[in-house]
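Please keep the model open alongside the text.

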Amino acid sequence: MTGEHTRADTRYEAVRGRDERFDGVFFTAVLTTGVYCRPSCPATTPKRENVRFYPSAAAAQAAGFRACRRCRPDAVPGSPEWNTRADAAGRAMRLIADGVVDRDGVAGLARGLGYSERQVRRLLTAQVGAGPLALARAQRAHTARVLLETTAMPVTSVAFAAGFASVRQFNDTIRRVYARTPSQLRAAARRGQVAPGPGVTLRLACRGPYDAAQVFGFLQRRALAGVEEVCGAPGSRTYRRSLALPHGTGVAEVGEPPPAARGRWLPCRLRLTDYRDLTTAVQRIRRLFDLDADPRAVAGRLAASPALGPLAAARPGLRAPGAADPAELAVRAVLGQQVTLAAARALGAGLVAAYGTPLPAPDGGLTHLFPEPGILAEAPLTQLRMPAARRAALRALAAALADGSLRLDPGADREESERRLRALPGIGPWTAGYVRMRALGDPDVFLPGDAGVRHGLALTGAAPGEPETWRPWRSYAVHHLWHAPFTREETA
């Protein structure tokens, strides 16, 4: 009890200081107003005795509190805890965020975890104060608000696109969460500034600082023709890519943040053939851009390293980009074995042109979806200039992804997935580690055999055992080492 009281007092101090670092980590509910907020809410700080703390927005909603209209707590970055944790609770939260409950129900979530439905409910209630249905309902409410405020879709269409089973359920949830009707939410948004153009316009929240130059540069150097493109000059670049989603296809556009964002959000526009995919598309882009990370925690650990300290100080907002499509990332990792980045891009472009699914209509430089694993598993791949052994490795990987014996989805067990990867022919430690780092979002992967890492270690003068001190953030250390030549050039 004493420990819980101390933790609550620490959280109250974060609320008093309006500390943005804790947005999404916990939520503050005020008994006298019936409202729950993010810790950084600019409203007058409530008295300590009137405050309760909840580990999730769903838990606050289940306790009868509605979302604050001023700080919009449902739009905060996700808790970094769920990205780093490899246990069942972390896997469950990643699956729910990807929309599994909306698509397959609690039964589908339980199957993905290898648990019973009852075990999943008990686990999540104990860990985040709400069961899977409540967590999914909170997510649906946020999706509905975005659609109401940024599109002209009929209200009834919004209800089903957001994942609600009925219009009545939709209306009741919106009133309970936002203390407004759906029409009132839409009317309030129309009084503001709604961005013109097709699709859904979003601000993807993150914890600052955010090193956009590093992230966009990383993605630009690897952009795969037909599937990805980066437009514009540094400082105002836009990353664009096609998306294969559960109910259709989409195109995502993410821009480098404007000065007004102050490293707190990235502008995004999503054009989807089916708006039921909005939640899934948003989460996949968030993972790609590593928007739920806690950069201060990472920099705090790496700053103590003699080798990485100067790099961490120079780039405090460095991120470890993930993957919008884990299967695609794994295939591209095999294509990139023992070849240059330019050669890997050329091989990938050839693969897309030969086996990718064409988009209904080209969209700028985007023409295809990345090839499906089932297609690659049966493809001869003879047009790709690569050794026969690597073709065989690519087909074996694709077959394992297609038949489900290898899982790389948000609920996959990282240890088991790496074990299965390394059991495939032609998949070595570098490929398995790279896939684990990016496709599975593991923050603690080190790639000692990578040429760029070895160069970075030599450049920084890292001692032989020093990488062990970088745990649990070695994936970020890898990106610092890859970026070390650029950082030194910029700070010289």
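This is a predicted model: local features need pLDDT of at least 70, side-chain atom pairs count only at pLDDT 80 or more; totals for chains, interfaces and linings use all residues.

P472 is found in the loop that runs between helix 21 (451-460) and helix 22 (474-491), where helices (H or I, at least four residues) and strands (E, at least two) are DSSP runs numbered from the N terminus. The peptide bond that joins R471 to P472 is cis, with omega at about 5°. A cis peptide bond also joins G208 and P209, with omega at about -5°, and P209 lies in the loop between strand 5 (200-205) and helix 11 (212-222).

Residues are numbered from 1 along each chain as its sequence is written, and side-chain values use heavy atoms, with hydrogens and water left out.

Backbone torsions give two further places to look at. Most residues other than glycine have a negative phi, and most peptide bonds are trans. A179, although not a glycine, has a positive phi of about 55°, and its place is the loop between helix 9 (167-178) and helix 10 (182-190). With a relative accessibility of 33%, A179 counts as partly exposed, given that buried means under 20% relative accessible area, exposed over 50%, and partly exposed in between (1.4 Å probe, protein chains only). Q338, again not a glycine, has a positive phi of about 60° and lies in the loop between helix 15 and helix 16 (341-355); its relative accessible area of 78% makes Q338 exposed.

Turning to the whole chain, the secondary structure comes to 22 helices and 11 strands. The radius of gyration is 23 Å, close to the 23 Å that the globule rule gives for 492 residues, so the chain is as compact as a globular protein of that length; the radius is taken over C-alpha atoms, and the rule is 2.2 Å times the number of residues to the power 0.38. Along its principal axes the C-alpha trace spans about 70 × 50 × 50 Å, and buried residues make up 56% of the 492 residues.

What lies in the interior? The largest nonpolar core has 116 residues, of which L270, F289, L351 and L397 touch the most other members; such a core is a set of buried Ala, Val, Leu, Ile, Met, Phe, Trp, Tyr and Cys residues joined through side-chain atoms within 4.5 Å. Helix 15 (residues 326-335) supplies the largest share of this core, seven residues. Apart from it lies another core, of 20 residues, among them M93, V100, L109 and A136.

Leaving aside neighbours within four places in sequence, L270 is in contact (heavy atoms within 4.5 Å) with G199, V200, L202, V251, A252, L278, A281 and V282. Among contacts in the chain between residues at least 6 apart in sequence, 67% join residues at least 24 apart.

R284 has its place in helix 12 (residues 278-288) and, at 17% relative accessibility, counts as buried. Beyond its neighbours within four places in sequence, R284 is in contact with D98, A244, L245, P246, A323 and A324.
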